Amino acid sequence: MEDFYRGFAQRARDLAENADPFTRRRLLDLAQRYDLKSRPGSGAGRSIPPPRATPPTVLFSGSGET
């Protein structure tokens, strides 16, 4: 199982080399998560919560009436 995650981490790094800055950052973060899962005894059974996506405040401003 470690090789599986290690391979995915390397694939994400390879894709990040040619990606735009935003996608590169996301792919490298993904690779880091796969690296953590590939290490035996590192809590690989625990799931890492996904990063939060905060919606723009514009969607929630106003009186709420349309």
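Reply: Let us begin with a term: a nonpolar core is a set of buried Ala, Val, Leu, Ile, Met, Phe, Trp, Tyr and Cys residues joined through side-chain atoms within 4.5 Å. In this predicted model, the largest such core has eight residues: Tyr 5, Ala 9, Ala 12, Ala 16, Ala 19, Leu 27, Ala 31 and Tyr 34.

Me: What makes the contact of Arg 13 and Asp 35 a salt bridge?

Reply: The cut-off is 4 Å between a side-chain nitrogen of Lys or Arg and a carboxyl oxygen of Asp or Glu. The N to O distance for Arg 13 and Asp 35 is 2.1 Å, so the pair qualifies. This pair links distant parts of the chain, with Arg 13 in helix α1 and Asp 35 in helix α2, 22 residues apart.

Me: Why is Asp 35 called buried, and why is Arg 13 called partly exposed?

Reply: Buried means under 20% relative accessible area, and exposed means over 50%. Asp 35 has 17%, so Asp 35 is buried. Arg 13 has 29%, which lies in between, and therefore Arg 13 is partly exposed.

Me: How do you know that Asp 3 is exposed?

Reply: The relative accessible area of Asp 3 is 60%, and exposed requires over 50%; therefore Asp 3 is exposed. Asp 3 also forms a salt bridge with Arg 6, with the closest N and O atoms 2.8 Å apart. Both residues lie in helix α1, three residues apart, about one turn of the helix.

Definitions and conventions: Residues are numbered from 1 along each chain as its sequence is written. This is a predicted model: local features need pLDDT of at least 70, side-chain atom pairs count only at pLDDT 80 or more; totals for chains, interfaces and linings use all residues. Side-chain values use heavy atoms; hydrogens and water are left out. Buried means under 20% relative accessible area, exposed over 50%, partly exposed in between (1.4 Å probe, protein chains only). Helices (H or I, at least four residues) and strands (E, at least two) are DSSP runs, numbered from the N terminus.
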